[in-house]
Amino acid sequence: MSSVGSITLVNGPVVKAENMESFKMREMVLAGEKKLIGEIISIDSGNATIQVYEETAGLKAGEAVYSTGKPLSVKLGPGIIGNIFDGIERPLLDIYDKGTNYIPEGLGLASISLDKIWKVKITVAAGDKLKPGTIFGEVQESTTVTHKLMVPPNMEGTAAFVEKDGEYDLEHVLLVLDDGVNKHEVKMYQEWPVREPRPVFKRNPIEKLLVTGQRVIDTFFPLAKGGTAAIPGGFGTGKTITQHQLAKWSDADIIVYIGCGERGNEMTEVLEDFPKLSDPRSGEPLMNRTVLIANTSNMPVAAREASIYTGITIAEYYRDMGYNIAIMADSTSRWAEALREISGRLEEMPAEEGYPAYLPSRLAQFYERAGDVKALSGQEGSITIIGAVSPAGGDFSEPVTQNTKRVVGTFLALDKALAYSRHYPAINWINSYTGYIADLRDWYRDNVSDEMLELRAKMLGLLREEHKLMEIVKLVGEDILPDDQRLILEISKVIKTGYLQQNAYHKEDANVSLKKQYDMLKVIDRLYEKALAAVKAGIPISKVKDEKLFYDIVSMKYNTPEGDEEVFGNYIKQIDSYFSLLISQYDKGGKKHENEIS
């Protein structure tokens, strides 16, 4: 059979071809004279439908379709960290350096540079028996990331040849493995199909916190390493800045940031800001442990659909080396729009709001590639997926948000009202939730305190009670409430302003350790308990709420340097002293002593 087909129809990114009997499903093909990269998504009696990842303007019926003999794959090796790729792993900086502002058609599947020389340290010897995933060498890829060279997952055998330590390019053969039947050459890079998850030895239980330094997340809605999270929110609610904060401050080893169909100006901001950001852990540029995949809304829509698979495959590769990876997908709504666009051109029966019926399963397939694992290499690593969702008008009932909600463990709902009142992160504490509390209970106990989650539950209870009381206040005013309920309103203001609200540009507030978060919660809890005791003693709420004391507690997030535990002790002494003096001025009925001066 011929391995060359013929185009019969061009409909945007969807191309149909005949004489395709020798081609396979999901095979990567080259379409037309320009050899545009595409992927076969269906075959029926020699007629194939191809999803093309480049601009198809000028492509004509009758042009040839060429086989590559392999599925859509990415090259995995040194040179990924610090790079900026498009949706199918083509290096944008290299393309720009060649003198063009646009990605030319027919460029081919260019990726990491195969000519660049790397200093390699070999860690195995001739005669060693190597299994799939075995680490056989190391390359210092950046100042903060050591790239571990691994035997490909589909290869094993005895090392018949091992290269010496030295400087080599990616095409140089470093190993020859003899499996008893064939000899296999192993180079510095490997290729892997983007739609196929990389195999692991076993999946570990979720039990470690991804520390983000953001109080509302770490304390109230924690995210586990190997877990999944969604950040839905309408335009202007702070999805991108929240992901920037997580990328900068989380304790992940490597960040994979996927700009999936975002507006050009938003992606430009990421591309300009990330190279300038300093990694707070090492002092080095943040790009030294970051991979950017940029796919703007004016790039080919099919490449947008592939971009999240490219990103997750790169993440799995570094996970197999033993790194903890955090993926920022911004946004999965634009990715779903690409699915809808292609589905419409395929004339498939639409489901809700025009999205394809397989939208839920595709979302699940992406998020299920997260996890904490023991890799084939024997290393422990994890992938945490944090996906932004952009529902039109902030409507969380639309299909992408609802289907994402079914599969993620943490749901961080951004609120337009909070954002417009300049409360950031604008995470709504009523609509958000996490499913990782039970999994992380032991971690909090061992690394923070036995009381941490009890304090969390207590503060969340106060916020939920305040939410109910505000409905009454809107109708009849605050004065109608008894003093103990008015106290809940006042303490909730302290929690919201002094704890949940966080300044990304303040030296002491941008990133907060868990120890400091716990100490702040203890101070707020002491304020509430002492104030409640005073209210129960009959003291008027106007006296219980001392403006200076409450202001000091709200401001402690700015005035308490990391590691200064004495300051929190002073706050507790200040609270105890004030309420001891206040209660001493009143009798048991709450009546002020006549000899006391107001």
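# Exercises: pockets, rings and a buried arginine

The lining of the largest pocket is made up of 19 nonpolar, 10 polar and 5 charged residues. Keep in mind as you work that this is a predicted model.

**Exercise 1. Describe the largest pocket: what is its volume, and which residues lie nearest its centre?**

Solution. 
- Step 1: Begin with the space itself. The largest pocket has a volume of about 820 Å³.
- Step 2: At least two lining residues each come from helix H1 (92-97), helix H4 (264-273), strand S21 (290-296) and helix H5 (301-319).

**Exercise 2. How do the lining residues of the second largest pocket divide by class?**

Solution. 
- Step 1: Find the pocket. Its volume is about 510 Å³, and of its 28 lining residues, Phe 235, Gly 236, Lys 239, Arg 263 and Glu 266 lie nearest the centre.
- Step 2: Name the elements. Helix H3 (239-249), H4 and helix H6 (332-345) give two or more residues each to this lining.
- Step 3: Sort by class. The lining of the second largest pocket holds 5 nonpolar, 12 polar and 11 charged residues.

**Exercise 3. Which residues line the largest cavity?**

Solution. 
- Step 1: The structure has 2 cavities of 30 Å³ or more.
- Step 2: Take the largest cavity, with about 40 Å³ of space. Its lining consists of Gly 133, Met 150, Val 151, Pro 153, Arg 198, Pro 199, Asp 320, Leu 376 and Ser 377.
- Step 3: Sort them into classes, and you get 5 nonpolar, 2 polar and 2 charged residues.
- Step 4: Turn to the second largest cavity, of about 30 Å³. Among its lining residues are Phe 136, Met 150 and Tyr 317, and the classes here come to 6 nonpolar, 1 polar and 1 charged.

**Exercise 4. What is the geometry of the aromatic pair of Phe 220 and Tyr 499?**

Solution. 
- Step 1: Start from the total, which is 8 aromatic pairs.
- Step 2: For Phe 220 and Tyr 499, the ring centres are 5.8 Å apart and the planes make an angle of 75 degrees. Planes over 60 degrees apart count as edge-to-face, so that is the label for this pair.
- Step 3: Phe 220 is in helix H2 (residues 215-220) and Tyr 499 in helix H12 (residues 483-500), so the pair links parts of the chain 279 residues apart.
- Step 4: Check the surroundings. Phe 220 and Tyr 499 are both buried, and together with Phe 221 they form one aromatic cluster. Arg 215 lies over the face of Tyr 499, at 5.5 Å from the ring centre.

**Exercise 5. Is Arg 369 buried or exposed?**

Solution. 
- Step 1: Locate Arg 369 in the loop between helix H7 (359-367) and strand S23 (371-374).
- Step 2: Apply the cut-off. Arg 369 counts as buried because its relative accessibility is 6%, and buried means under 20%.
- Step 3: See what surrounds Arg 369. Beyond its neighbours within four places in sequence, its contacts include Glu 196, Tyr 309, Glu 316 and Ile 383.

Technical notes
Residues are numbered from 1 along each chain as its sequence is written. This is a predicted model: local features need pLDDT of at least 70, side-chain atom pairs count only at pLDDT 80 or more; totals for chains, interfaces and linings use all residues. Side-chain values use heavy atoms; hydrogens and water are left out. Rings of Phe, Tyr and Trp (its six-membered ring) pair if their centres lie within 6.5 Å; planes under 30 degrees apart count as stacked, over 60 as edge-to-face and the rest as tilted. Helices (H or I, at least four residues) and strands (E, at least two) are DSSP runs, numbered from the N terminus. Buried means under 20% relative accessible area, exposed over 50%, partly exposed in between (1.4 Å probe, protein chains only). A charge sits over a ring if NZ of Lys or CZ of Arg is within 6 Å of the ring centre and within 35 degrees of the ring normal. On a 1 Å grid over the protein atoms alone, a cavity is a set of points where a 1.4 Å probe fits but cannot get out, and a pocket is an open set with protein on both sides within 12 Å along at least five of seven lines; lining residues have an atom within 4 Å of a point. Grid points are joined across faces, edges and corners, and a volume is the space filled by probe spheres set on the points. Ala, Val, Leu, Ile, Met, Phe, Trp, Tyr, Cys and Pro count as nonpolar, Asp, Glu, Lys and Arg as charged, and the others, Gly among them, as polar. Contact means heavy atoms within 4.5 Å.
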